[in-house]
Each structure stands twice: as C-alpha cells, then as structure tokens.
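Colleague: I am new to this structure and would like to learn how to read it. Please take the features in turn, with the general idea before the case.

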Amino acid sequence: MSSDTVISVENLGKLYTLNHRGNGQPYATLRDVIARTAVMPLKAVATKFKASVGLNGSHPQGSPFSNSVEDFWALKNVSFEVKQGDVVGIIGRNGAGKSTLLKILSRITEPTEGRIYIKGRVASLLEVGTGFHPELTGRENIYLNGSILGMSRAEVKAKFDEIVAFAEIEKFLDTPVKRYSSGMYVRLAFAVAAHLEPEILIIDEVLAVGDAEFQKKCLGKMQNVSHSGRTVLFVSHNMAAVTSLTRNAALLQAGKCVFFGETQEAVGKYLSSIQSQDSRYEAAPKPGVPSITRAEVFCSQPSAVHESGAPMRIEFDFYHPEPIPKACLSFQIVNQTQVPVLHFRAFDHPVEICRESGTTTLVCQIPRLNLNVGQYSLTAYFSDPPGGQVYEVLEGVCQFSVVILNRTSLWGWRTENCTYHEEAEWTTRPN
Amino acid sequence: MNVPRAKPPTGYKRHITTDVNPNQLVATTGGSMPKFRKAHELLIEPGRTEKNYWGDLWRYRELFYILAWRDISVRYKQTAIGVLWALLRPFLAMVIFVVVFGRIAKMPSNGIPYPILVFSAMLPWQFFSSSLSEASTSLVGNANLISKIYFPRLIIPAGAVITSLVDFLISAALLGVLMIWLRFVPDWRLITLPLFTLLAFLAALGPGLLLAALTVKFRDFRYVIPFIVQFGLFISPVGFSSDVIPENWRLVYSLNPIVGVIDGFRWAICRGEAHIYAPGFILSVGIVGLFLLIGIRYFRNTEKTFADVI
C-alpha cells in the first residue's frame, strides 16, 4: 500500500440473514396465528411421539411452521485501492452490492468481515435531499441539510449565496420546501451537497433524477471537484457519465469485485456481461407474424473484431407469411454508451424486400466502416411505412468490437475521442 | 485476493493543476472541523469500537442544536399564533393548577401555596416524561437520516431531550410568573436549581437512550412507553410529597430515579419545606448514573446495526 493511497479495501464482506416464513405463507393472518397457537401443543406431543417411535425426519426444520434462515452475502471478498485524486466509478447491475459498498465506506453500516483503511474526511451523498423537512423553508433547509452533511454553520453561511445561485431559487427561499416542484427540490438538494469540501466524496446515483440541464450542471460541478484534486467515488448506471468523469472503475457482480482498472475496459466488461457477445442473432420464425429471423455481422477479423476502415457486410433474414408492400428496414450501429453512431436505411434505396410470402435475405455492404475503437452493437427496425405497424425492433444484437490496426498515432486511440473517423486531407498554405 | 489491475493508459495527460503531497494534507473543511497536521485516518473493521466516537460527537456538536431547533420550529409552522403556543400550553396548565389545587382541593401546604408545591414537582416530571416519549421514537422517526448519512447516532435522542428541555425552561419561567403572582419568595436554595436541572437531564437521557435503541429493534416499546409514563405519574411524588411514604419503605422508593429529582426540585423551590431524605437521594442519583451508563453502553453496542434493522 503506497503512501498516496486514500482508500484501501481488503476482503470486504457483508452478510445479511434472510428470514423465510415456514409453510410457504408470506404473511401470517390472525386466523393462522390462532390456529397455529392452538394446535402447537398437540403438534409437539405428536413430534415427540414420532421421534420416540422413529418416524421423524420428513421435515428438515422439524416443524412445518418454523422459519428458516438463509445467508445472503451482499458483498464478498471485495478488494481494491484508490489513490489520492483518483476519480473512481463503481458500476454493476442492480443488486450487485454497489450501494452496500458505499454504505460501508460511509460508516453507515458495519462490514461482516474484512477491513477498510481510509485517509481523509469522507462526505457521502447517497440520496439528494436527505434531512430536508417539508415544513421548513428553503433557507432553513439549506442550514439543516448543510449541518447534517457535515458543514458548520459558519461554512454554510459563507457559501449561502453560492448555493442559492447554483440552485436558482432566489425567489423561493422563504417558502416551505413542500411547495417546491420536484426539479427545484432536487436542484436545491444537490446545490447544498455540491458545496461540500471533503477530501473524499462518495456519490450514489444522484444523477438519476432531474432534467438534462440539471444533469449537465451536476456533471460540470463534479468535473470541477475532480480537477481540484479530491478523490471521488461515483456510482452510476449512466455509462456516458462514468466514462467521461472517471479514470478507473470497479465492476461489481453479485457482491464480488470482478474487475478494477481502466474505465473503458470495465464498461466494456459490464456491457458484455449484460448481453452475450455474439455477432449473430437468430430466432425461430413465429407462424403468421413477420419477423427478423437472422441478423449477422461479418467482421474483417475473426471473433467479432472489425478493423476500422475495412469493408463490412451485414445480413438480415426476414420471415413474412404474406407479402408486405414497401416494407421498411433500417438498422443503427450503437456504441457502448448507447449512442447510435450510424443509421443505415434500406427503404431509401431501390431494394425491395418482402415482395412474396416466405423468406427474404437482405445484404448491406459498407465499403469502408471508419468507426472509432470500442464495442458496438446493432439495433434493427423492421416495420411498415410510417403510420403502419412495427413488426420487430431488435436492440443490442450482433455485438462486435472495432480496433485500429496498421496505423499508429502519437496520442493513441481512445474511445472518448470521437465516434467516427472521417477522411480528410491536410495541407499547408504559404501566407 | 488481488484483482488484476489494468495498466494505466498512455495518451494524453490528466488535467490536474495541483500536485498534492498527502503528508502535508490539512483538513480544509472549516468551521467545526479541526485542522490536523496529518490527514484524518480511519480503520473500519467488524466489531471495532470506534475510538474516534467522542471526538466525532464534539465535531458534530452543532447537530445537537440544529436537530432540536428543527423539531421545535416544525411544531409551530403554519399555525396562526405560532410560538405563543409554547407559552400558552404551560400557562393554561398553571391556571388549572391554581384553580383546582389552590381553590377547589384546598390541600394542606404548610404555608406554601399549594399550586407552587405541585407545580415544582410537575416541572421535572413533565420534562422527564416528554423527553422519554420523544427520545424513544426519535430514532425510528429519523430513519431516513440513519440509513443515508453518517453522524454519531447519540445526537438524535439527545436532541429530543434537548427539545423537551426548551419546553421545561419555558415552563420554569412561567413558574417564576406564578411565584410573583402569589407573592411567594424562594430563599437561597433556589441557587441549586440548575444542579437539579442537570440531574433531571441526565435522568431523562439514560432511559431515553436505552429505550431509543430498544425501540429500533422491538417496535413494541412504542406502545409500552405511554403506559410506563402513566404508571410513573402515579408512583412518583408528583401529586403527593415523598414524606407520606413510610420510613422503612423510603429506601426502596428511592430506586425510582425521578424521586431524587423531584425531591430536589421541591427542596430548592419551596424554601426547604420538603425535606430531602439523604440516603434516598444518594440512591436515586446512583440509579440515574447507572441508567446513564447502561443506556450509553447498550446504545453504542447496537448503534452499528441501526441502519440494517431500522
């Protein structure tokens, strides 16, 4: 552990015990409780009798009315290190243990095993508006929330005007917060939290609320925080935010930390875990329903890897029990932050599909696909002309990766630089 | 178990303008946060009693005031007469005392106006009972804070007791008004009143912490508290003086922690008419201390599980 490590997590584990009600009943009604209590002495006698005669062993817990407990490890053997000034993302599916990890780091709950070493003061923002009381005015709530988050009254007073300006609620400072719109509420809550100045800041999915303008503001503020040299731990499902703000990321899966390293790689692993990496999509045709039965991407390199700049072929098979006049097909190539980079439309070209009943194969040949490095997938739309029926939408199928070969660059190739490489000519002109 | 750590990328530099040497780190969060030469270090382990807890309590001391202030201001929001209710309620209670005990009941009082005798016992009793009720539900009522933010949880029940203290002070002021109206002048013993107030505070804090921690896990206590309070009203020397208890029972009677407090209040206010039974008083004070110790210990032990259980 080097001297500039500010957070060191070793073999962290958190155990919860779950109670399962016996007899499969989720809730106990009063009638059941009375019946159970009345019958209990008789059952006890019967069980003892059976035990003495040797007839027991049918119920694992002895009585069908007892509860069983199950151990649930929300986190198990999680280890990683964060250095001073790092901005680390924590990603994973719902239920992977991200919020539990943050709660343990914020000392809200205790770990069952393992240890954490933290150097520096921690402020955590696990929910916006914690501590806000609806009856108090905006002004009073700023002091209340600021105090609860760890700022002193003097500090809140000094930053009061900044907070109000960030939240843009000058007019409504003296109305009770219960009268605020949800947008104002969230802006105010984030404004107070954004002006904390801890050494380590822990943020849990607070960007999930608010409109686009607000999210932009929050991201901007968080970028400021990270540039000022503070350590930030950031949990989010918004892959674009995670890739733009963080340098390293930890990927949690079912309570285990399966990867800790560069954000790009972590996001890639996350996305490939939620969808299987397969460059071919196949589905059985449903009788009577038009559908896409096959979608396949033919990459220039083996195992679904494509070289940027090389030609690519994409094929679709359709099943249509009846001819569909003017059937429309289009597909998008979507990058790993769910942004569609390219859109190819068959209906704007003189090619006709679904002319007769049965099956059709459609081939799309792209002469030069100049995508940037990263992971991509297809989203395909199969429908009638506008105003008609949509037959099928396939999302996230045919994943493939793009790499750049035989071309070196001084600064290297990074996914966040751009989405697509366009060809251009560079010359100088004497002036 | 070490997770494979990817190599840092080559490419463009990260846009950091300052180079921070952690050995020179100074905590820059101003105000109540103290400045350290070395950065604040923390080790989180299962079962580790936090040595920094009392330091944390001092660091978060403003929260005592803020939570109490929040509870009090919220009471009178959107009311027509607002804070006047804080004066009106004890005032009305006082009027009832004067009318019922002074005029109608006409109990013997040894030269001291009966209302004052009863009021001086009602004062600590109201403080004790309301702080017990408030403190026991305080943790459950602030569940959203407990599950989302870290601060020493002791502050929450303590804040509830402080809220009751504010009501106590207002009622004490009204007692002063009553004394003036009845032309009753207390003697030097009144100086000891702050001491007895402190004793009342500690007497309320101990059981308050204990019940608060118990109520988190066993919500039954929510329903037990009003019963305890009602029962306590009858066995505590509020409506009567402790002198009526027979001699050989007095020591046992003093096991009730509030007995010492009420006797002390009566002694301080009523010109020494109510005598303090010294061994009983010392026993009561001892019980107060014991409850405080038990309360704090149980609270600290179960505090770690609050967020999981609440």
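Modeller: Start with burial: a residue is buried if 20 or more other C-beta atoms lie within 10 Å of its own, exposed if 12 or fewer, and partly exposed in between, with C-beta atoms placed from the backbone. In chain A, 39% of the 431 residues count as buried. In chain B, buried residues make up 35% of 310. This is a predicted model, in which local features need pLDDT of at least 70 and side-chain atom pairs count only at pLDDT 80 or more, while totals for chains, interfaces and linings use all residues. Residues are numbered from 1 along each chain as its sequence is written, and chains are lettered from A and ligands numbered from 1 in the order in which they are written.

Colleague: How many helices and strands does chain A have?

Modeller: Helices (H or I, at least four residues) and strands (E, at least two) are DSSP runs, numbered from the N terminus. Chain A has 8 helices and 18 strands. Its radius of gyration (taken over C-alpha atoms) is compared with a globule rule, 2.2 Å times the number of residues to the power 0.38. For chain A the radius is 29 Å, well over the 22 Å that the rule gives for 431 residues, so the chain is more spread out than a compact globule. Along the principal axes, the C-alpha atoms of chain A fill a box of roughly 85 × 75 × 50 Å.

Colleague: And what pattern does chain B follow along the sequence?

Modeller: Chain B has 12 helices and 1 strand. Read along the sequence, the pattern is β-α-α-α-α-α-α-α-α-α-α-α-α.

Colleague: How should I read contacts?

Modeller: Two residues are in contact if their C-beta atoms, placed from the backbone, lie within 7 Å. Among contacts in chain A between residues at least 6 apart in sequence, 72% join residues at least 24 apart. In chain B, residues 24 or more positions apart account for 78% of the contacts with a separation of 6 or more. B:Val118 lies in helix H4 (residues 114-141) of chain B and is buried, with 23 other C-beta atoms within 10 Å.

Colleague: Which strands pair with S6(A)?

Modeller: Strands of a sheet pair through backbone hydrogen bonds, either parallel or antiparallel. Two strands pair here if DSSP finds at least two bridges between them. S6(A), residues 200-204, pairs in the parallel sense with strand S5 (residues 122-125) of chain A over 4 bridges. Within S6(A), A:Ile202 is the bridge partner of A:Ser124. Strand S7 (residues 231-235) of chain A also runs parallel to S6(A), joined by 5 bridges, and A:Val232 in S7(A) is the bridge partner of A:Leu201.

Colleague: Is S6(A) covered on one face or on both faces?

Modeller: Both faces are covered: A:Ile200, A:Ile202 and A:Asp204 are buried on one side, and A:Leu201 and A:Ile203 on the other.

Colleague: Where are the edges of the antiparallel sheet?

Modeller: That open sheet of 4 strands in chain A has the order S10-S11-S13-S16, with antiparallel pairing. Strand S10 (280-282) and strand S16 (358-366) stand at the edges, each with a single partner strand, so one side of each is left without a neighbour in the sheet. S10(A) pairs with strand S11 (residues 291-298) over 3 bridges in the antiparallel sense, and A:Ala295 in S11(A) is the bridge partner of A:Tyr281.

Colleague: How do I read two packed helices?

Modeller: Two packed helices are described by the angle between their axes and the distance between the axes. Axes are lines fitted to C-alpha atoms, for helices over the stretch in contact, and angles run from 0 to 180 degrees between N-to-C directions. Helix H7 (residues 193-217) and helix H11 (residues 278-303) of chain B pack at an angle of about 35 degrees, with their axes 8 Å apart. The residues of this contact divide into 16 nonpolar, 3 polar and no charged; Ala, Val, Leu, Ile, Met, Phe, Trp, Tyr, Cys and Pro count as nonpolar, Asp, Glu, Lys and Arg as charged, and the others, Gly among them, as polar.
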